[in-house]
Amino acid sequence: MNLHAFAEWLSQTPLSLTIQNVSWIIPTVQTIHILSIAIVISSVFMVDLRLLGVIGRSQPTAAYTSRFLTWIWPTLVVLALTGSILIIGEPSRSLENPAFQTKMVLLILAMITTAVLQRPTFKDPAYWELTTGHKISAGVLAVLSLCLWVGIVFAGRWIAYMNVDSA
Amino acid sequence: MDLQALFQWLYDSPVGTAVRESGSLFPWIESVHVLSITLVVGSISIVDLRLLGLTSKSRAVSRLTGEVLPFTWTAFILAAITGGLLFSSNAVKYSHNSFFLAKMALLVVAFLNMVVFHVITSRGIEHWDESPHPPLRARLAGGLSLLLWIAVITCGRWIGFTMSAF
């Protein structure tokens, strides 16, 4: 079964038909999706801007990584759930959409970057401040992370503007 | 010049026309709008949750607002500029959309809530600045702010479903 056939099949399932026919579901789920993105993107910005030394220099980076990185993973679960409802409701418009596909690739890269940033802080919360080398690595990861998450928001918004031939 | 005439003038202006007629300008501006509004709401929630006594409890309220709010304002200015550009593309029609009007009203209330907090509520903040459980009036301000911004996002999203774009 190719992607197109799968999307066609999915769009005929009872769940998908319900989402398509009840007009408030998609806007409501999109609203929860955007509010969750607000949590993730703001947490990411707080951590990354601290690692880059733009904000909060009076506090160690450990305070930021421990306070804000923890919000990302549970919120990503909410995003995955609400995102799945949106996909099931409009399978072709999402799965076959280049903007959606770009978003998913960026998401995987952003999750890897976040995990790479977070992992060493479990053992030593001050890890990213230990040496100049660590500080430079943290800065590079922070810039990468910012670009990826901003890219995810942009790609997400562009899903609505990419026409998918649903022939 | 009444408001409708102003909105018509905005619609006819070179900026309004460009955003409306270019195929990609609207989505690009909208992307920046969504990014900046998520940063506004997310960062303001950090302060609201602290005022509610739920998070960042070891951090003094005044220090937290000092580090977060400049960031919130930067994002807000960006959201206002991009929002204005989007509005100009179809000003008259937006001005008749109930969700758009509700969103603007909620923004005014959120702004007033903030002014009241800074002018009245935060008076005597030195007595509870470090406290993990701010007084009731501060918790109310934080809770109200959180609800208002959730409502702003909700209305914003519904505008797109109640306006046939062009």
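I began with the crossing of H3(B) and H4(B), which I noted as left-handed, keeping in mind that this is a predicted model.

I then looked up how the two are packed: helix H3 of chain B, residues 25-51, and helix H4 of chain B, residues 61-88, meet at an angle of about 155°, and their axes are 8 Å apart. Because of that angle, I recorded H3(B) as roughly antiparallel to H4(B). Sorting the residues of the contact between H3(B) and H4(B) by class, I found 21 nonpolar, seven polar and two charged.

Next I turned to the contact of the two chains, to which chain A brings 20 residues and chain B brings 20 residues. On the side of chain A that touches chain B, the elements giving two or more residues are helix H3 (25-51) and helix H7 (132-158) of chain A, and H3(A) gives the most, with 11 residues. By class, I listed 14 nonpolar, four polar and two charged residues on that side of chain A.

My next entry concerns the largest nonpolar core, which has 60 residues, and in which A:Ile41, A:Trp149, A:Ile152, A:Val153 and B:Val40 have the most contacts. Elements of both chains give two or more residues to this core, including H3 and H7 of chain A and H3 and H4 of chain B, while H3(A) gives the most, with 12 residues.

Last, I noted a second, separate core of five residues, among them B:Phe7, B:Tyr11, B:Ala91 and B:Tyr94.

Note on methods
Residues are numbered from 1 along each chain as its sequence is written. Chains are lettered from A and ligands numbered from 1 in the order in which they are written. This is a predicted model: local features need pLDDT of at least 70, side-chain atom pairs count only at pLDDT 80 or more; totals for chains, interfaces and linings use all residues. Two residues are in contact if their C-beta atoms, placed from the backbone, lie within 7 Å. Helices (H or I, at least four residues) and strands (E, at least two) are DSSP runs, numbered from the N terminus. Ala, Val, Leu, Ile, Met, Phe, Trp, Tyr, Cys and Pro count as nonpolar, Asp, Glu, Lys and Arg as charged, and the others, Gly among them, as polar. Axes are lines fitted to C-alpha atoms, for helices over the stretch in contact, and angles run from 0 to 180 degrees between N-to-C directions. Angles under 35 degrees count as roughly parallel, over 145 as roughly antiparallel, 65 to 115 as roughly perpendicular and the rest as oblique. A crossing is left-handed if the near helix is turned anticlockwise from the far one by less than a right angle, and right-handed if clockwise. A nonpolar core is a set of buried Ala, Val, Leu, Ile, Met, Phe, Trp, Tyr and Cys residues joined through C-beta atoms within 7 Å. A residue is buried if 20 or more other C-beta atoms lie within 10 Å of its own, exposed if 12 or fewer, and partly exposed in between; C-beta atoms are placed from the backbone.
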